[in-house]
Amino acid sequence: MVLPTALMYTAIGLLCGTLMSNKAVGGVCGAMLTTIAFILSGVTVLIQIMGSTFQDIAKALPFYNAAQSAVAAVGGGYGRIWPHSWIVIAYAVGFWLAAVIVFGLRKRNVNR
């Protein structure tokens, strides 16, 4: 269950690396993305104590779903793994496609 999450974070890193300079990637992906994933994953701060807007945002983002699929796998709730994993896989595919498209566009513009 870790593989879809790892592929998603790798795709996010590739997309950020394609869009930003070396210095900016460390600040954005290292600080901002980590903080967002840390808070909205539901692992460190339970989303049940957050307001309903933050709960909706957390459930729509892949970080919460990645954490919930891992919790389900470790806890033996195998029926709860896939509903969360599909969301993570969809985000991973989307980030990979975006990274490939942006990289292709950047490469095309450099060669001109």
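**Helix packing**

A: Helix 4 crosses helix 5 in a left-handed way, the near helix being turned anticlockwise from the far one by less than a right angle. This is a predicted model: local features need pLDDT of at least 70, side-chain atom pairs 80 or more, while totals for chains, interfaces and linings use all residues. Numbering starts from 1 along each chain, and side-chain values use heavy atoms, without hydrogens or water.

Q: At what angle do the axes of helix 4 and helix 5 cross?
A: Roughly 145°, and the axes come within 8 Å.

Q: Which residues of helix 4 and helix 5 meet?
A: Helix 4 brings residues including Tyr64, Gln68 and Ala72, and helix 5 brings His84, Val88 and Tyr91 among them. Contact means heavy atoms within 4.5 Å.

Q: How many are nonpolar, polar or charged?
A: The contact has 9 nonpolar, 5 polar and no charged residues.

Q: New topic. Which residues make the nonpolar surface patch?
A: Leu3, Leu7, Leu14 and Trp96, over about 370 Å². Patch residues have over 30% relative accessible area and no salt bridge, with nonpolar side chains joined within 5 Å. Area uses a 1.4 Å probe.

Q: Which helix gives the most to it?
A: Helix 1 (residues 2–19), with 3 residues.

Q: And how many helices and strands in the protein?
A: 5 helices and 0 strands; helices are DSSP runs (H or I) of at least four residues, strands (E) of at least two.

Terms used: Axes are lines fitted to C-alpha atoms, for helices over the stretch in contact, and angles run from 0 to 180 degrees between N-to-C directions. Ala, Val, Leu, Ile, Met, Phe, Trp, Tyr, Cys and Pro count as nonpolar, Asp, Glu, Lys and Arg as charged, and the others, Gly among them, as polar. Patches are made of residues with over 30% relative accessible area and no salt bridge: like charges are joined within 9 Å, nonpolar side chains (Val, Leu, Ile, Met, Phe, Trp, Tyr) within 5 Å. A salt bridge is a side-chain nitrogen of Lys or Arg within 4 Å of a carboxyl oxygen of Asp or Glu.
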